[in-house]
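Let's take a walk through this one, from strands to core to charged pairs. Keep the structure open beside you as you read.

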Amino acid sequence: MLLLMVLLLSSCNSTPSQPNNEITGKNPYTKNYLYTAIEGVMYKINVVTGNASPLCPDPLCAHLDKKCAFYGMSETDIAFVGKYLYYLCGQGDSFFSSGYTQLRRFDLKEGKSEVLFASESGTLNELLVGNDFVFMTNSVMDESFTSKYRIVRYSLKNNKASFLTQEP
């Protein structure tokens with residue numbers, strides 16, 4: 001038992017090796033990093049050094065209000081395409097809402113965030129990023145507290161959103 005503990009503890013001090021690029025991909029913004037949300041804050045973790053740093057460009061930000069680009073961020077509705085991180089964030093429009101109100105894009109190189117689409121009513125969920133489009137659902141609750149959905153398509157080429165279904 002003692003020998004096993006010594007072997008395990010000594011392996012913790014070994015120098016980490018470089019990750020295999022075939023496994024991690026060729027995107028320079030994601031190949032040596034893992035991204036994860038911890039308590040509502042998005043972190044970038046270097047897999048070589050083990051260092052973690054928040055993606056929010058303001059080092060004094062508490063991530064507690066709408067001034068933060070990652071405030072109310074979804075921990076699951078995120079996607080990486082090239083140098084961009086696409087994600088849903090913002091608070092829903094009612095106490096019963098479980099979605100987000102904005103589609104945002106964060107430039108991993110420049111450290112800047114921009115709102116691409118803001119829902120005028122209801123909430124956004126189920127983010128899916130394709131070649132030139134971002135898809136998501138827009139959920140609106142009716143008088144009987146039943147959720148109704150429309151599909152939103154945001155064009156990355158012309159920066160316009162359209163509803164693929166007119167009626168929820």
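**Strands, cores and charged pairs**

E114 comes out as partly exposed, with a relative accessibility of 36%. Bear in mind that this is a predicted model. The salt-bridge partner of E114 is R105, with the closest N and O atoms 2.8 Å apart. R105 sits at 12% relative accessibility, so it counts as buried, being under the 20% cut-off. As a rule, side chains of opposite charge can pair when their charged atoms come close.

How many salt bridges does the structure hold? There are three. Another one joins K83 and D107, and their closest N and O atoms are 3.1 Å apart. This pair links distant parts of the chain: K83 is in the loop between β4 (78–81) and β5, while D107 belongs to strand β6 (residues 102–107), 24 residues away. K83 is partly exposed at 26% relative accessible area, whereas D107 counts as buried at 9%.

Then there's K157 with D132, whose side chains meet in a salt bridge at 3.5 Å, N to O. K157 lies in the loop between β10 and β11 (160–163) and D132 in the loop between β8 and β9, so this bridge ties together parts 25 residues apart in sequence. K157 counts as exposed, at 66% relative accessibility, and D132 as partly exposed, at 30%.

Now for the nonpolar side of things. In soluble globular proteins, nonpolar side chains tend to be buried together. Here the largest nonpolar core has 15 residues, and L103, V134, M136 and Y154 have the most contacts inside it. Two or more residues each come from β5 (84–89), β7 (112–118), β8 (123–129), β9 (133–141) and β10 (147–155). The biggest contribution is that of β8, with three residues.

What is L103 in contact with, leaving aside its neighbours within four places in sequence? The list includes Y87, L88, L116, F117, L124 and L127, along with V134, M136 and Y154. E114, the partner of R105, is also in contact with L103. Apart from this core lies another, of 14 residues, among them C56, F70, F106 and L108.

Finally, look at an open sheet of three strands, ordered β1-β2-β3 with antiparallel pairing. Its edge strands are β1 (33–38) and β3 (52–54), each pairing on one side only. From one strand to the next, the twist averages 30°. β1 and β2 (residues 41–46) pair over six bridges, and I38 has V41 in β2 as its bridge partner.

Conventions. Residues are numbered from 1 along each chain as its sequence is written. This is a predicted model: local features need pLDDT of at least 70, side-chain atom pairs count only at pLDDT 80 or more; totals for chains, interfaces and linings use all residues. Side-chain values use heavy atoms; hydrogens and water are left out. Two strands pair if DSSP finds at least two bridges between them. Helices (H or I, at least four residues) and strands (E, at least two) are DSSP runs, numbered from the N terminus. Axes are lines fitted to C-alpha atoms, for helices over the stretch in contact, and angles run from 0 to 180 degrees between N-to-C directions. A nonpolar core is a set of buried Ala, Val, Leu, Ile, Met, Phe, Trp, Tyr and Cys residues joined through side-chain atoms within 4.5 Å. Buried means under 20% relative accessible area, exposed over 50%, partly exposed in between (1.4 Å probe, protein chains only). Contact means heavy atoms within 4.5 Å. A salt bridge is a side-chain nitrogen of Lys or Arg within 4 Å of a carboxyl oxygen of Asp or Glu.
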